[in-house]
Amino acid sequence: MFSLYCNYSITYKNGTLKVTAATGSGTLNMSGWTYGSTVTNPSPSSNTNGTSSVTYTWYNSSKTALSAKPTSTSSVGDYYVKATFAATTNYKAYTTDYVKFTISNATIAVTANNQSYVYNGNAQGAAITATTVNNQTVTIAYRTASSGSYNLTSVPTLTDVGSITVYYQ
């Protein structure tokens, strides 16, 4: 029998087949909220790494890391968040870019009600109400002139017959 290998000495070397983890991917959406209202949560999505082990890093408007997620009463302004999707068997960990969200100003409704009284010798004042989120204290300053500074800290009153317009801020 004729052998093709009779003129050769064969040396065998084992080789290694290696498959490394691919780069992971993910996206993050984050909506802001109004000061004092319900805080929103980030919405992560990843077809490679899944979303069960996502961690978040929170940042202020200067992109300096915060120690915790902003709360419903954090200062109004812009914030950022990054999501890190944990590594899996087949994919490396992935961190998103900064995602911006805003805590916007809450509305304070201040209402001056028209008041009409019959003279009774007592000082009568205007009724002004302020409604805020979370029943926060509101300071209102007054004036009775159509222009100038708001330098009165209590509601202007009238004792005698007459009328005044009360301006407030």
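Leaving aside its neighbours within four places in sequence, which residues is asparagine 49 in contact with? Asparagine 49 is in contact with Gly24, Ser25, Phe85, Ala86, Ala87, Thr88, Tyr91, Lys92, Ala93 and Tyr94, where contact means heavy atoms within 4.5 Å. This is a predicted model, in which local features need pLDDT of at least 70 and side-chain atom pairs count only at pLDDT 80 or more, whereas totals for chains, interfaces and linings use all residues. Residues are numbered from 1 along each chain as its sequence is written, and side-chain values use heavy atoms, with hydrogens and water left out.

Asparagine 49 lies in the loop between strand E3 (43-45) and strand E4 (54-59); strands are DSSP runs of at least two residues, numbered from the N terminus. Asparagine 49 counts as buried because its relative accessibility is 9%, and buried means under 20% relative accessible area, exposed over 50%, and partly exposed in between (1.4 Å probe, protein chains only). Isoleucine 10, in the segment before strand E1 (27-29), is partly exposed, with a relative accessible area of 42%.

Strand E7 (residues 99-104) has a covered face made of Val99, Phe101 and Ile103, while Lys100, Thr102 and Ser104 form the uncovered one. In a regular strand, side chains alternate between the two faces of the sheet.

| Partner of E7 | Sense | Bridges |
|---|---|---|
| E2 (residues 33-34) | parallel | two bridges |
| E5 (residues 77-85) | antiparallel | five bridges |

Within these pairings, threonine 34 stands opposite serine 104 in E7, and aspartate 78 stands opposite threonine 102 in E7.

Methods. Helix = DSSP H or I, 4+ residues; strand = E, 2+ residues; numbered from the N terminus. Pairing = 2+ DSSP bridges.
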